[in-house]
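Good morning, and thank you for coming. Please look at the sequence and the structure on the screen before we go through some of the packing.

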Amino acid sequence: MANLILILGDQLTADISALEGADPKSDQIVMAEVHDEASYTNHHKKKLVLLFSAMRHFAQRLEDKGWTVHYQAYHPDNAAQSLEAVIASHLREQGSERVITTECGEWRLHEQISQWHESLGVPVEIRTDTRFIASKQEFLDWAEGRKQLRMEFFYREMRRKTGLLMTSEGKPEGGEWNFDADNRRKWTGKPSAPAPFRVEPDPVTNDVIELVNEHFPDHFGTTEDFHFAVTSEDAERALAHFMDFALPCFGDFQDAMSDEEDWLFHSILSPYINCGLLDPLSVCEAAAQAWYAGQAPINAVEGFIRQILGWREFVRGIYWMTMPDYAKENRLGNTGALPWFYWTGDTRMRCMHKAIDATRRNAYAHHIQRLMVTGNFALLAGVKPEEICDWYLAVYADAYDWVELPNVLGMVMHADGGYLGSKPYAASGKYIQRMSDHCANCHYKVNKSTEEDACPFNALYWHFIDRHRDDFANNPRMGMMYKNWDKQDPDRREGLLKRAEHLLANLNSI
Ligand code: FAD
Ligand code: DLZ
């Protein structure tokens with residue numbers, strides 16, 4: 001029986017489950033650049049280049065291996081502008097009897113594909129995505145009956161399951177499960193941060209850059225200086241580059257931010273892991289190997305592995321356990337609009353400007369910029385979860401709903417009631433000062449609170465604490481904050497609230 005095998009833009013993995021047992025002599029593959037996928041959000045131009053170029057290279061690879069690949073390159077005049085329309089037209093042409101695909105990552109498209117057997121009139125086999133370390137069912141089984149779902153405990157299960165950083169007696173290597181306490185150093189320029197791994201665009205990528213500039217001019221960001229890997233070989237080289245030059249310092253400076261350096265000691269691997277060019281488990285194994293070989297310390301290796309084995313798997317589990325209702329959550333009742341400077345970087349707050357500008361140029365900002373700068377500001381400013389989620393989905397090369405949504409709606413906005421953290425990651429300017437050198441170059445003064453040139457994070461922080469007393473005063477991890485707030489001089493409290501009200505009324509001109 002001839003099958004039509006659909007491979008999506010984030011399924012660029014040679015052993016993707018949709019290809020299991022397939023026969024290159026009879027089965028045919030479909031891959032398509034389509035308007036519907038390219039424009040369901042205002043994808044960063046570099047993300048479009050990455051995906052379209054990686055898809056083209058992957059299709060070529062399959063053809064070289066003897067597969068017939070029907071590849072649709074993007075054109076606004078293509079008759080088929082959705083994946084369903086592409087599949088429908090191939091079914092008509094080839095007369096295939098069945099469609100096979102691997103489950104897709106996002107609820108939106110998953111819902112559509114789940115209905116295809118009816119609309120297309122042929123069986124559609126949707127296979128498990130085996131690239132994740134925990135299946136959806138495994139996560140549900142783990143979650144069942146637990147009062148609280150905490151990443152740390154799920155992570156330990158994943159360590160046991162994979163044996164990563166585990167002794168032969170079943171104990172965590174280094175004697176601890178988690179070395180985060182060692183991972184909070186500020187970076188003051190030493191040791192110097194490695195240059196990020198670069199691949200110069202080949203002719204395929206250059207064609208895509210031209211296409212994106214021509215047909216997606218209004219999308220966020222720029223294609224300039226595109227240097228992402230677009231093949232699995234180059235993504236493997238990016239992994240090796242990280243292991244050699246950044247992993248040893250990854251832990252120490254994991255939470256640091258710099259006015260000068262966009263990438264610090266982060267891996268910049270998420271764009272590749274998420275679209276299938278790198279396998280998450282192999283990445284973790286490579287990191288563990290670096291520790292056993294004495295090339296990186298335990299705090300770095302454990303911290304790195306936890307991000308993938310713990311956080312990445314955990315957010316995916318939460319997403320599929322709670323969707324579609326999850327996307328509508330807004331437990332803090334936020335109604336604020338997203339300030340326009342999120343799209344321009346045009347703000348006098350140095351840390352916000354730096355994070356947004358890096359995002360515009362690179363389609364990348366590291367975790368602490370996302371969480372404690374742009375995220376923290378949206379939380380304190382009471383931005384509607386939907387608006388800030390749309391922004392995060394648009395602006396990063398690694399953004400897909402399944403991973404972006406829990407991180408933003410849950411971790412940043414605390415809009416889900418606390419799956420991603422037992423308290424909100426709200427912080428004043430002091431945190432940013434402690435972890436970065438931005439404040440020294442800022443128009444605003446981090447040591448001031450109520451004056452016109454006081455760091456906006458300060459008054460907004462206390463306003464957040466004050467206005468959410470009912471939500472958090474009984475949270476044991478927040479009690480100290482309320483004590484601090486209550487014991488401040490009433491005039492000072494009033495001054496802080498007034499300053500915050502002024503900021504909230506004038507967010508676009510901060
Ligand atoms: P590193 O710091 O080198 O970490 C290693 C790897 O761990 C990453 O490549 C990634 O695969 C994984 N990882 C780390 N933290 C997380 C996390 N919280 N959730 C899931 N995986 C994690 N990650 C995405 O892949 N896509 C997103 O759309 C995304 N949106 C985010 C939005 C917000 C508000 C926040 C706070 C975090 C978001 N993250 C997202 C998680 C994290 O910030 C990125 O994975 C990380 O910055 C990618 O850069 P890196 O590869 O250099 O990561
Ligand atoms: C993100 C994306 C983009 C921009 N374009 C395409 C595309 O043209 N064709 C395709 O098959 N996939 C694309 N993708 C990835 C899909 O949107 C992705 O499979 C879903 O977001 C599910 O994770």
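Let me begin with a contact between two helices: Met372, Val373, Asn376, Phe377, Leu379, Leu380 and Ala381 of helix 16 meet Phe457, Leu460, Tyr461, Phe464 and Arg467 of helix 20. Contact means heavy atoms within 4.5 Å, and helices are DSSP runs of H or I with at least four residues, numbered from the N terminus. The residues of this contact comprise 10 nonpolar, one polar and one charged; nonpolar covers Ala, Val, Leu, Ile, Met, Phe, Trp, Tyr, Cys and Pro, charged covers Asp, Glu, Lys and Arg, and polar covers the others, Gly among them.

A word on provenance: this is a predicted model, in which local features need pLDDT of at least 70 and side-chain atom pairs count only at pLDDT 80 or more, while totals for chains, interfaces and linings use all residues. Residues are numbered from 1 along each chain as its sequence is written, chains are lettered from A and ligands numbered from 1 in the order in which they are written, and side-chain values use heavy atoms, leaving out hydrogens and water.

Next, helix 17, residues 385–395, is mostly covered, with eight of its 11 residues buried, that is, under 20% relative accessible area with a 1.4 Å probe, protein chains only. Among them are Trp391 and Tyr392. The cover over these buried residues includes helix 2, helix 14, helix 15, helix 16 and helix 18.

Finally, five strands form an open sheet in the order 3-2-1-4-5, with parallel pairing; strands pair if DSSP finds at least two bridges between them. Strand 3 and strand 5 are the edge strands.

Key:
Buried means under 20% relative accessible area, exposed over 50%, partly exposed in between (1.4 Å probe, protein chains only).
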